[in-house]
Amino acid sequence: MTELSYWNKGEQVSVREAFGRILVHEAGQREDWVLLDADVAGGTGAKPLVGAHPGRVMQFGIAEQNMMAAAAGVADTGLIPVVSTFAAFGCMRAHEQFRTAVAYAERNVKLCCSHHGLDVGPDGATAQMLEDFATMRAIPGVTVISPADANEFMKAFTAVLDHKGPVYLRIGRSATRVVYGADHEFKIGKADRLRDGKDVTIVATGVMVARALDAAETLKGEGIDARVVNLATIKPIDVAEMVAAARETGGIVTAEDHNTMAGMGSAVAECLAEHAPARMRFVGVKDRFGKSGEHDELPAMFETDAAAIANACRSLLK
Amino acid sequence: MRNDLNEMARQIRVTSLKAIHAARSGHPGGSLSIADMLAVLYFDVMNVDPAKPDDVTRDRLVLSKGHACPALYAALAHKGYFPVAEAETLRRIDSIMEGHPDFRIPGVDAPSGSLGMGLSQGLGMAMGAKHQGLPFRTHVIVGDGDMQEGNTWEAIMSAGFKELDNLVVIYDGNKLQGDAPVETQLSLGDVAQKVAAFGWHTVAIDGHDTAAIHKALMEAKNTKGKPTFIVADTVKGKGVSFMEGVLYWHGSVTMKDAELSDALKELEAA
């Protein structure tokens with residue numbers, strides 16, 4: 001049995017590379033799952049599995065509606081289908097198949113999608129799914145997870161295989177700074193306080209977590225003590241950690257690579273409006289489509305970079 | 001072949017109509033058109049045990065045309081999954097007999113009601129069986145509306161390409177859809193020819209002849225290397241003269257007491 005190797009903190013690693021690595025590792029660990037692909041294993045990062053364990057892959061060609069409803073049928077035979085495609089296809093084109101054939105029947109399907117957010121980069125607006133949190137979290141009983149880096153992704157994937165029920169798991173495409181070491185303990189539904197602080201809380205998810213840590217460092221130089229919470233599980237949301245942030249700090253800034261409408265920030269706002277109303281600012285894509293550009297150029301243009309997060313914190317504390 | 005399949009089909013029709021009448025809504029036409037194929041499947045061909053509805057090795061039936069579920073619930077009830085009286089609690093707030101198939105109902109193998117998703121679910125079951133070496137067979141009943149959904153054709157492409165000989169479709173071609181005849185909405189012409197072009201074995205039968213349905217299912221079982229598509233020529237509303245071929249009875253209709261009793265009289269005399 002080969003030992004799973006993690007990346008070092010500070011390295012720049014694409015989360016999809018972690019997807020390929022953990023798939024090959026888990027294929028050696030257990031026989032109870034199969035990968036369902038729609039001719040995009042190269043894009044999602046699943047390709048190493050195709051080479052190492054071709055018998056674990058069910059290929060559907062470019063027909064995602066069929067793949068998603070078929071996943072429900074595969075689950076009915078006792079296997080765990082790991083469905084992998086781009087977010088626009090998995091979370092929107094085949095959304096109704098996921099809702100009715102998978103989620104309504106409580107089938108144990110794991111939907112893992114790459115190509116969401118501005119993180120997609122040059123492929124541009126049609127590939128940059130900015131609505132996946134919205135479409136997936138609105139379906140009853142679905143767990144929604146967006147890991148911060150490659151190491152957290154691998155731990156999340158194993159936890160997802162062990163979890164019973166439908167899950168949506170985001171896979172990042174572009175190189176992202178590793179913020180977690182091999183010792184990180186990932187638990188579905190548990191938010192992780194990466195940095196404590198008393199003035200303001202930045203609740204970030206996915207690629208925005210590293211940027212939130214950078215923003216907190218900038219703010220520290222200005223005498224602002226910012227807490228950073230990684231909200232990797234968007235649904236079910238960690239109510240206790242959100243309430244603590246609202247009660248113990250001066251307000252909440254959410255940061256997500258997603259439309260600010262109906263996404264992670266909205267989930268936090270729904271939670272706090274009921275349990276501990278707080279002042280809030282929302283960093284994300286402001287109800288518009290993305291565009292082509294490098295993944296490290298677009299955040300400045302769309303105000304989703306560390307500077308935008310720091311600005312939102314300053315604005316909140318004014 | 002059992003010799004009481006016509007009687008089982010008659011009982012399915014009776015229970016379906018009683019349930020739709022009690023619910024004051026539901027789809028009688030398409031329920032009556034599939035009664036004979038359900039009778040053959042549940043009372044002769046399929047290897048299922050009402051005591052073990054979740055047995056992973058059981059044969060499967062996916063009713064893709066989910067609006068015809070009164071007939072499915074009736075078949076399951078007469079098979080012994082739950083009391084016949086429970087099948088007649090269709091669509092009630094205090095019942096699990098949902099207006100379209102809900103997998104929580106014992107014996108229901110897949111949710112449906114949104115057309116076009118059933119064949120893919122059956123395909124996934126057939127693929128899961130092949131992957132694990134499980135010998136069960138998967139049957140899918142599709143209607144005219146299913147055949148107009150793109151998702152169905154994705155599944156037809158895939159099943160033919162994958163040579164899934166453990167998968168069989170029965171196409172309930174009853175020629176009427178929600179608003180109008182298929183002929184005016186979106187006719188596919190020769191369906192068998194189109195499906196055969198994707199690598200399927202096809203058989204055309206009278207969908208109300210239980211012996212012919214049985215023979216076609218046996219032929220499907222003996223066909224290796226190809227999934228089978230049975231084109232069943234059917235009559236919407238079959239078995240009740242004033243419903244046969246009448247669009248009004250597609251649904252979702254409120255059936256008057258007199259209409260139920262006239263229908264039951266015909267079915268009792270049959």
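Analyst: In chain A, 22 residues are in contact with 24 residues of chain B. The model is a predicted one, in which local features need pLDDT of at least 70 and side-chain atom pairs count only at pLDDT 80 or more, while totals for chains, interfaces and linings use all residues. Residues are numbered from 1 along each chain as its sequence is written, and chains are lettered from A and ligands numbered from 1 in the order in which they are written.

User: What makes two residues of chain A and chain B count as being in contact?

Analyst: The criterion is that their C-beta atoms, placed from the backbone, lie within 7 Å. On the side of chain A that touches chain B, the elements giving two or more residues are α4 (64-76) and α6 (95-103) of chain A; helices here are DSSP runs of H or I with at least four residues, strands are runs of E with at least two, and both are numbered from the N terminus. The largest share, nine residues, comes from α4(A).

User: How are the residues on the side of chain A that touches chain B classed?

Analyst: There are 13 nonpolar, seven polar and two charged residues. Ala, Val, Leu, Ile, Met, Phe, Trp, Tyr, Cys and Pro count as nonpolar, Asp, Glu, Lys and Arg as charged, and the others, Gly among them, as polar.

User: Why are α6(B) and α7(B) called roughly parallel?

Analyst: Helix α6 (residues 118-132) and helix α7 (residues 150-161) of chain B pack at an angle of about 30°, with their axes 8 Å apart. Axes are lines fitted to C-alpha atoms, for helices over the stretch in contact, and angles run from 0 to 180 degrees between N-to-C directions. Angles under 35 degrees count as roughly parallel, over 145 as roughly antiparallel, 65 to 115 as roughly perpendicular and the rest as oblique. The two helices are therefore roughly parallel to each other. Among the residues making the contact are B:Leu119 and B:Leu123 of α6(B) and B:Ala155 and B:Ala159 of α7(B). By class, this contact has four nonpolar residues, four polar and one charged.

User: Which strands form the five-strand sheet of chain A, and in what order?

Analyst: The order is β9-β11-β10-β13-β14 (chain A), again an open sheet with mixed pairing. Strands β10 (residues 200-204) and β11 (residues 226-230) of chain A pair in the parallel sense over five bridges, with A:Ile202 opposite A:Val228 in β11(A). Helix α11 (residues 264-275) of chain A lies across β10, β13 (252-259) and β14, running at about 140° to β13(A).

How values were computed: Pairing = 2+ DSSP bridges.
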